Amino acid sequence: MISPSGWMLKRPGICIPVFFLSLLHGTLFSQEQWPEAASASMGGVFVCLNGHICASQNQAGLGFIEQSSVSLQHGRPFWIKELGVSSLSGQFRSEKGALGIVFSSMGIKGFRQSSLWLAYGRRLHPDISAGVGLHYWSFSIDEQLIYAPGVSFALGLQVRISEQWRLGARLFHPAAWNYSDVSREGSMSIETGIAYSFFKVASLYAELHIKPGTPIILSGGTEWILNRRILIRTGINSEPFYFSWGISLRLKNCIVEFAFRYRTDTGLSPLTALTYEW
């Protein structure tokens, strides 16, 4: 007779998917979006950033970007390779704004979520930028390539009050269409934040996210410019509670970024990014 432990070793596939699916509840179905490396290293802040995936963060940031870029990002939730999250983004400047696109995929074999963002941001004033983004997502399972699709949109705004102070806000999924209730991806939220720069080498970020039926999320981060090539970042987030840190290295037109998020319940999640600007 085979003992329960021996049976589990002979049939690991019976138990592993259940374990993975329990973790997916905190990734695929969580309140938060999987962030880019720079945002992740600062506690998940993004409403005042002009990063490399503005299309899926604050679309208004596209109006303030200074260079076009293509970025490849990858994350490992809980350091488990089967739960890898990958994204490819592009941001293309025009005279007063920019077009952004982000494609991402995450999950395990036989159950994955794909997401596509199309966005445009434009300066309405030298110190004011607004943006809009269209979001499409769907799942894929062994029996069906496209399962439970959904469509929504988001609106963003950024304001430069002065050289040191910036304000940002985003209305996320004010309206959405879901084929089914398999995800809460279409739930509405309001995100707002503030950023302060000082001594021309450091910036502080703070923001809050308000979502019906869930606790208010608070996050904050810092960014320090050590020299023209190296940036150091740290941050903290309240829900889920985690600490984060990271580093950014500029090599001519390329930027290499590493970020880490640590949660006491699930451990460490690393993120990496490679970006080319022109």
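A residue counts as buried under 20% relative accessible area, as exposed over 50%, and as partly exposed in between (1.4 Å probe, protein chains only). Ser-219 has 8% relative accessibility, so Ser-219 is buried.

This is a predicted model, in which local features need pLDDT of at least 70 and side-chain atom pairs count only at pLDDT 80 or more, while totals for chains, interfaces and linings use all residues. Residues are numbered from 1 along each chain as its sequence is written, and side-chain values use heavy atoms, without hydrogens and water.

The chain has 278 residues, and 46% of them count as buried. Its secondary structure comes to three helices and 14 strands; these are DSSP runs numbered from the N terminus, with helices (H or I) of at least four residues and strands (E) of at least two.

Ser-219 lies in strand β10, residues 217-225. Leaving aside residues up to four places away in sequence, Ser-219 touches Gly-43, Val-45, Tyr-205, Ala-206, Glu-207, Ile-236 and Asn-237. Contact here means heavy atoms within 4.5 Å.

The structure also holds nine aromatic pairs. Rings of Phe, Tyr and Trp (its six-membered ring) pair if their centres lie within 6.5 Å; planes under 30 degrees apart count as stacked, over 60 as edge-to-face and the rest as tilted. The table gives two of the pairs.

| Pair | Centre to centre | Angle between planes | Type |
|---|---|---|---|
| Tyr-196 and Phe-198 | 5.8 Å | 20 degrees | stacked |
| Phe-241 and Phe-243 | 5.1 Å | 80 degrees | edge-to-face |

Tyr-196 is partly exposed at 29% relative accessibility, whereas Phe-198 is buried at 17%.
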